[in-house]
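Student: I have a chain to go through and would like to take it one question at a time. Please show it first.

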Amino acid sequence: YNGTERFHPDTKEDRMSQVDVIERNMDGKNLQIGIVVSRFNEYAGKELYAACLEELKHLGVKEKHITKVTVPGALETPLVLSKLAGTGEYDALIALGAVIKGETYHFELVAEESARGVSRVALEYGIPIANGILTCYSDEQCKERTKIKGTDCAQCAVEMANLVAEFPIIDEFEDDDFNDD
């Protein structure tokens, strides 16, 4: 089983079930991936991107099928994600960056608004977006998480791109589709 077909039951119990199971597919060889990296807390963006790129290649995504764009900070990320999504060229997108708490309320605003924006783009365009914008209380917390989160985002993007591809898109209905004649 290569993950690109529907599950075929192996046991008598499975054969008796009518459940259609869509298995996890981690094959990235035919995927186009867009990555938006925040330059604020630059070390974090670089580390997240390095781990993400390494894992994408491990999953079979070709470097020539990856687009990287940098933006000043986390609040600018959703706009560029929406521009990439609007091209229709990508199977999944990835947002990378870090928001680290300072002494003001600004941390909460940036963390909440960037996450809300990333989710809004994903839902508006129907494209998977792996949100790798870390929200940490310190540089130490951030440094502990960059490699893991970069890797996780690559895996999430590939898995979700393949999963979303399992569902057909119905753009237009012909008038005959609704007639009983």
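Predicted model: local features only at pLDDT ≥ 70, side-chain atom pairs only at ≥ 80, totals over all residues.

Student: In what order do the elements of the chain run?
Tutor: The chain has five helices and four strands. Read from the N terminus, the order is α-β-α-β-α-β-α-β-α.

Student: What share of the contacts with a separation of 6 or more comes from residues 24 or more positions apart?
Tutor: The chain has 181 residues, of which 39% are buried. For the contacts in the chain with a separation of 6 or more, the share from residues 24 or more positions apart is 75%.

Student: Is Val37 buried or exposed?
Tutor: Val37 lies in strand 1 (residues 33–38). Leaving aside residues up to four places away in sequence, Val37 touches Gly45, Tyr49, Lys68, Val69, Thr70, Val71 and Leu96. The relative accessibility of Val37 is 4%. Buried means under 20%, so Val37 counts as buried.

Student: How far apart in space are Val37 and Thr70, C-alpha to C-alpha?
Tutor: Thr70 is among the residues that Val37 touches. The two are 33 residues apart in sequence, and their C-alpha to C-alpha distance is 4.7 Å.

Student: At what angle do the axes of helix 2 and helix 5 cross?
Tutor: Helix 2 covers residues 42–58 and helix 5 covers residues 139–165. Their crossing is right-handed. The axes come within 8 Å, and the crossing angle is roughly 35 degrees.

Student: How many charged residues are in the contact of helix 2 with helix 5?
Tutor: On the helix 2 side the contact includes Glu47, Glu54 and Glu55, and on the helix 5 side it includes Asp139, Lys143, Lys147 and Lys149. By class, the residues of this contact divide into nine nonpolar, four polar and, for the charged ones, seven.

Student: How are helix 3 and helix 4 oriented to each other?
Tutor: The axes of helix 3 (residues 77–87) and helix 4 (residues 106–125) come within 9 Å and cross at roughly 15 degrees. The crossing is right-handed. Angles under 35 degrees fall in one class, so helix 3 and helix 4 are roughly parallel.

Student: How many charged residues are in the contact of helix 3 with helix 4?
Tutor: Pro78, Leu81, Ser82, Ala85 and Gly86 of helix 3 meet Ser114, Gly117, Val118, Val121 and Tyr125 of helix 4. By class these are six nonpolar and four polar residues, and the charged count is no residues.

Student: Which cysteine has the sulfur nearest to that of Cys136?
Tutor: Cys136 is also in no disulfide, and the nearest cysteine sulfur, 4.6 Å away, is that of Cys142.

Conventions. Residues numbered from 1 in each chain as written. Heavy atoms only, no water. Axes fitted to C-alpha atoms, helices over the stretch in contact; angles between N-to-C directions. Helix = DSSP H or I, 4+ residues; strand = E, 2+ residues; numbered from the N terminus. Parallel < 35°, antiparallel > 145°, perpendicular 65-115°, else oblique. Left-handed = near helix turned anticlockwise from the far one by under 90°. Contact = heavy atoms within 4.5 Å. Nonpolar A, V, L, I, M, F, W, Y, C, P; charged D, E, K, R; others polar. Disulfide = S-S within 2.5 Å. Buried < 20%, exposed > 50% of the residue type's maximum accessible area, 1.4 Å probe, protein only.
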